[in-house]
Every structure is written in structure tokens, then in C-alpha cells.
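Subject: Structure handover

Hello,

Here is the structure I promised to pass on. Please open it beside this email and follow along.

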Amino acid sequence: MNTKTNISQHSDIPAKQLTVLFLLAALLFSLNLSAQKDIRIKDNFDFDWKFRSGDHPDFAKTQQDDTGWQDVQLPHDWNIKQEFDRKGDGSAAYLPEGIGWYRKTFKIPAAYRGKQIFILFGGISFQSDVYINGKHLGFRPYGFCSIEYDLTPYINFGGSNTIAVRANTTGGRPRWYAGAGIYRHVWLQIVNPVHINTYGVYITTPSVDSTKAEIQMITAVSNETGEEHTVTVSQRVIDASGKQVAQSRQEKIKIAPETAVDLKQNFTLNSPKLWSIENPAMYQMETTVKSGNKTIDVYTTSFGVRTFKFDKDKGFFLNGKHIKLKGMCLHEDAGALGVAIPDRANERRLEILKEYGCNAIRCAHNPFSAEFLDMCDRMGFIVIDEAFDKWKSGYYAKYFDEWWQKDLSDMILRDRNHPSIVLWSIGNELQEAWSENEGVGRARMLQDYVHQLEPTRPVMLAAQNGHNEKFAGVTDVIGYNYLEARMLSDKKKFPERICLVSEELPYFRGEEGNIRSYTPLNPWQIIEENDFIAGGFIWSGVDYLGEAGYPGKGWPNGLFDVCMFEKPRAAYHRAKWNEEPTVRIAVADQSLDIEHGRDLWQWPKLAAHWNFPQNYLGLIMEIRTTTNCESVELYFDDKLMGKAKTADFTNNTIVWYLPYRPGKLVAKGYNGNRDVATYQLVTSKQTQQAELKADRTEIKADGQDLSFITVELYDENENPVQTDDKKLTVTVEGEGKLLGIDNGNLRREKSFSGNTLKTSWGKALIIVQSTRKAGKMLVNVQMEGAEKPYIVEIQTKNHL
């Protein structure tokens, strides 16, 4: 029996009630589009899918029996639960390539005959083919773009319909883990034959000051019928409180059969609230299309009002304010979740990075999900939106000539209204960078295409070691990957160039002509000291899967691990990126069991504990106190060991030497004579107990929402324990399920499936997801050696 989903038929709203709704602007703002009298329906299509690995042409056929297939929910990454293969590809986390199929059977009511039915995929990894009722809709090789298909000609209105998707990761994959399958959201959209195209509203604000913003709009309206239609188009702007704050005139247009028209409009928004990092004010543009007195489409677009510029001498400005971009390069995976990341996982990641002091994200090296960018808008991050890693090399080489324009335009059309995005990146560490003629021509081709599509933002690319200087001069902004010394030299030769550090080493810096000088001076100092550098983006901000060397399964050199647990090495950028006084203690010991990763991106091995073996007694230990305070006092067992000025040391890190013996280390940070920050490490005993903290104990009963439960080990004196790890076994009862368990250690031996894992450095992370039914979820955690399980109760609610 096929799994079926019904798209419900919505009853008409009485005219009197409709009038009231339009008068109540705040309520109207909160209405779901699918309840607006069938004008435009956008339904989440993530549930009730079937999956199986393998390949057969019959899997596309409507009559294929899929009763034995696995029931799955999207987003879905089949790769992440597979077993590691040591002989496999480290760039893909030693997880196998393969082919998989998805199927879903659903109904469209007969009353929707005459409507246009579209399906919108947020992303399919990779080389996807999509079928509806056995008809092939199309092939897309690129796994990072949104894909829309028109289902209308093939829909069985009033009967069953089957959509089938083939994903193929064989024949070459990215050089980082990119998963496999339908790993982003899917949406079913139902509109009238005359409608606004998906991503068909383009909003710019060419003139902005404190009194008003001039809004320019282009709206793409399609007529899918065989007759000419005359319609009127109007807009209104709604602020965060639901209040209408501006509106346009009604514009009448004629649209020929089976064509689309771009309508240009201008109007004014008075006293705009500007979007900024600190106060990311957002607006909604509601565009209405009418045929006579009948509303036939309502399309809502989020946007923000801000000004920005990149200055060749002073760097980056937002709303006239000089800002240094404190950035991180991110890949999209999230450890045990793979790349099938529910929205809450991305939100939690951004919340943690925001608190840390990060204000900018480089999407490496592909467009991220639309939902991720929405969060960056809402939370106040600056974003570099990157289209490609390579052009005519690597896995994309065979598809570049045919697909680059389509893939690039899809990114820009989808993302052009996000106020967070300030740069379009067209490539990273390109093979063409070493070739003057081929490279310059191709870079100009892509930049010209972007300028034509979206001229309000500059274009950049990220250049690697040994790049041709003419190639670097093509784009509006040039990103230097690990080449701060060359950037300083290039700036003297090419003073008109606008520069940023697109990939910043986290600890060492290189010298000009010798990127591997391993100079132990943090590159951020160069960025901080030179106004012309717009900012820097650390590679990498967070650990990720892929680009691994066995037994590792990923890149271990981030400031945060894949659980978003902050590492001791992160103390430097926390100190530099924040005004709030901070001091941290870490102990340097090169014998620590820490995966060191690749040479350039390494740090000295650091531990934020004071627990060392018996044979360390009396051994002189290097203790580092990293701070943004003027001076630090170090105490051992309440005895003052000394006081030192931060300015007398490099990297905001005061280095001390003490013989090891168990006890308590305390660092006190001072500004002048004021004690403004404190941090301590205490020698712990063996693990006695665990503490479980859920980031949220109430979550939505939508089948998507998550709770992240951090497990941390403690001794009998409630001191954290990092050197006596314990095995955890997790079970979930009630209205939820276990989505994953992780500990941040990328050298795990077994797959990411299962419900048992040992803590690492005394911590682990449990990820649970709600069902679509309100109720209670009980998360039971049995710790090795404990008599009773720990229980965390999570409430799932319909309305939060």
C-alpha cells in the first residue's frame, strides 16, 4: 500500500468575515497563505516519503510497489547513517557513494483543476532526476540549488499521484561531506494560472536616509493560460508589529498568453527602521494581483532596509557605520545529523556564534538553504553567498559549461532580497586562478552575468596561494585565502583594490612567499590593525565532516566542534571580538589525545582541565591565560603565583609555567585595579554523576522541532570531569524520537546511527525531535556505572 498525503480543500471565507480580516492588519500578517481563500497555497511536503537505496528504472513508475521501502521524513540524508569505509574517500567522511530513490503518493482535490501545481525542492544531493506519475520532469546535477518543477500537466486531479526522485552521488563529489538525498525542505505550491513567479519579487532601496527609503520593485507575473489577461498589481509594506507602513499605487498590466511580464514600481517608506547587526529590523512586502475585483494572488516577501559599502581604504560600512567583519566560514553539515539539518539546528548554531561575537558568515562553498539565510536576516549576520567551489575542475567540471548560468541565476533570484547578504561570491580556490588568460576571461564572464542579474551587491572570489595577480583584479572585491602577507604587499601595488580575508588561519600566520612559515602570531591582528581590510573569515569556525584523514572523519581544526561545544582554542577570538571582559585558562600539552588535523590549521594542543597522570607530578606545565583584560593574576590553591600585563605577551595570551600537582587554578582579569573576569580549573575526581540540560523543554509538535540535551559529567564535589568518560545509552518514549547522539569527536569508529555513545572530554549531545502530536516526550539516558537512568521530560505543544 502506498503512503498517501491529502492536500485539503479550504472552504471560502464569508465576505463579511473577509472584510474584518483585512481591517485587522496584524491578524492578516499572521495568517498562513494556505488559508487565504485558495489564492496561494504553500504546504510543507516533508512527510510521508518512502526511500530505498539502489537503482532500477521501474522505481520511477507509478505502479511500483514501495510498501517495503523505508518510511522517511525530510530533510533526509541517507549517507550519514551508513558505515564508514576506511578504503573510501576522506573528502566524503569515508562514507560510500551511491544511488537512492524517494517516492511519495498524494492527492490533489478535483476542485483544484485549473490551478497550477508546483513542487519546490530546497536541495537534492546530487545529480537528481524527478518524475511525476512516471513522467520525467528534469535533471539537475548541482546539489546546492533550489529546484522547481511544474507538475500541472501530469496531475491526476481527484486521484492519486506519485512523485519519484532519484539522487546519485557517484562519479565525483565535493571535497567536503555533502550527504546524499533530499536533504532540505520540499514545498508543494498551488496557484492560479495568473500568478507571481516563485522568487519573482525583487526589492531594492537605492536611496535611504533617516526620514525615508525609496523602494524600487520588479514583480514577475506569469500568465499560464491561452488568453490575454489584464490585472492590477499593488504592494503594501508591513512592519514587525503587523502594521501597514507604506503602500504602492495599483498598476494595471496586460499579459499575453503563456508569457510573463516584469512590472517595475516605485514608492516611499517613511521613517524606515534600518536593518543592522544589533537591530535586524525586517519588513514584509505583500504583493497582490487582482483580476477586476477578484484577488488572484498574494505573495509575501521579506526584506530589510539598509545601506552598505566596501571602501578601498576604510573597509566595510553598514548604515554609515564602520564595521569589521568578524567572520566564520561554515559548511552545512552538523555532525550526527549529516546535512539533513532541521531548522532549529541551524538556529541553535547561529545563536551560539552570535553570543561568541561572530557577526559574519561565509557560506562555503555553495548556497545554503533559504531558511538559514532567513535566520541570518532575523538574527543580524552579514553573509557572503557563494555559488561555487570550483569551475572547470573537480566534480562540477563536466557540468560547468551547460549549467553554470542556471545554477548561478537560481541562487541570485532566490537570495537577492536578503538584507544579510552583501557579497556574491562566484568561486573559491579556482584552478583558473593560476592561468591568466583562461582565468581572467572566465571570472569576467561570471561577474558580468551577476552584475546583469543583480547590480546592487559587489562580486568577489576567493584566491589561493600562487594566484595570478591579474585574475585577482577582476572582481569588485578580492578575497585572500591565508595570504595576509601577500594582501599587504598587493595593496601597495594595487591601492584601488577592495580586500578581505576570505579564509583566515585560526592560529599561525604565513610570510609572503612562504605560507608555511608557521609564525605563531594570530592573523586576526593584521585584519584588526589595517582599516582597508573589510574583515576576516576563520577557516573553519566549526568542525565539519569530510576533508579527513583516517581515523578522523572530518576537519577537526574549528573553534567549535560539531556539537557546537566551544574549544579551549576559541578563547582568543572570544577575547578579541567582544568588549565584555573575559579570561580563560588552558594547559598546553602536545601529548594530549587531540586530533591535530592539517598543518597550517593546527593549534598547540590545549586542554581546559587540570587533571594529568601520576607521572606528571612535578612536571613544569605551560599554562595559558587568554584575555581581553589589561592584566591577569594567577592563583594556585588560593596562593598568588603572579600578575602579568597582557600587552607584554602576544596573541592576548599570558603564558605561565608551574609544576603540576592536583589542586585549583584561578585566573582573575583586571582592568586597572578592578577585578572584572574570573575563570578556574579544578582537579576532579572520578565521574560520580551526569548533568543533563535541555536547551528547550517545550517544543513545537510539528514533527520538525528539536531539543538539544547536553550531557556533562561531574564528580562527587560537582566539579566537571573531562578525563573519565562514560558510555551513554539513550531511549525516547512518548511524542518524540531520537534524531542523533554525538560527542564532537570526529574519530568515532562506528557510524552515526544507533543510540549508544561514549562521552568525549566529559560531554555529549543528544538530539531529539517532536512528533506531530502534542504531548510528553521522556528521554531516558543510562550512564555506564549509574544505578538509575536520568530522565529529561520535553513537552510538545501545538502552539508556542
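A polar contact is a pair of N or O atoms within 3.5 Å; within protein, one atom must be able to donate a hydrogen and the other to accept it. Keep that in mind for the serine below. One caution before we start: this is a predicted model.

**Ser 146**

Start with Ser 146. It lies in the loop between β8 (135-140) and β9 (147-150). Is Ser 146 buried or exposed? Its relative accessible area is 12%, so Ser 146 is buried, since buried means under 20%. Its side chain makes a polar contact with the side chain of Arg 414, at 3.4 Å. That value falls within the 3.5 Å limit. Set aside the neighbours within four places in sequence, and Ser 146 is in contact with Leu 120, Phe 121, Gly 122, Arg 140, Tyr 199, Asp 410 and Arg 414. Arg 414 therefore turns up here too, as one of the residues in contact with Ser 146.

**Aromatic rings**

Next, the rings. How many aromatic pairs does a search of the whole structure find? The search finds 42. Take Phe 59 and Trp 101, an edge-to-face pair. Their centres are 5.8 Å apart, with 85° between the planes. Phe 59 sits in the loop between β3 (49-53) and β4 (70-72), and Trp 101 sits in strand β5 (residues 99-107), so the pair ties together parts that are 42 residues apart in sequence. Phe 59 counts as buried because its relative accessibility is 6%. Trp 101 counts as buried at 2%.

Now look at Tyr 356 and Phe 560. They also form an edge-to-face pair, at 5.2 Å centre to centre and 80° between the planes. This pair links distant parts of the chain, 204 residues apart. Tyr 356 is in helix α3 (residues 343-356). Phe 560 is in the loop between β34 (554-555) and α10 (571-577). Both Tyr 356 and Phe 560 are buried.

Some rings join into a cluster through ring pairs. Its members are Phe 126, Tyr 142, Phe 144, Trp 176, Phe 388, Tyr 395, Tyr 396, Phe 400, Trp 404 and Tyr 449.

**Charges over rings**

There are two cases to find on screen. The charged end of Lys 42 sits over the ring of Trp 187, 4.9 Å from the ring centre. The charged end of Lys 763 sits over the ring of Phe 565, 4.1 Å from the ring centre.

**Two sheets**

Four strands form it, in the order β39-β38-β41-β42, with antiparallel pairing. Which strands are at its edges? They are β39 (639-645) and β42 (674-682), and each pairs on one side only. The twist averages 20° from one strand to the next. Eight bridges join β41 (residues 664-671) to β42, and these two run antiparallel. Lys 668 stands opposite Thr 678 in β42.

Another open sheet has three strands, in the order β20-β21-β22, again with antiparallel pairing. Why is one side of β20 and of β22 left without a neighbour in the sheet? β20 (308-311) and β22 (321-323) stand at the edges with a single partner strand each, so one side of each has no neighbour there. Neighbouring strands of this sheet are turned by 30° against each other on average, direction ignored. Strand β21 (residues 315-318) pairs with β22 over three bridges, in the antiparallel sense. Phe 317 stands opposite His 322 in β22.

Best wishes

How values were computed. Residues numbered from 1 in each chain as written. Predicted model: local features only at pLDDT ≥ 70, side-chain atom pairs only at ≥ 80, totals over all residues. Heavy atoms only, no water. Pairing = 2+ DSSP bridges. Axes fitted to C-alpha atoms, helices over the stretch in contact; angles between N-to-C directions. Phe/Tyr/Trp six-rings, centres within 6.5 Å; stacked < 30°, edge-to-face > 60°. Buried < 20%, exposed > 50% of the residue type's maximum accessible area, 1.4 Å probe, protein only. Lys NZ or Arg CZ within 6 Å of the ring centre and 35° of its normal. Contact = heavy atoms within 4.5 Å.
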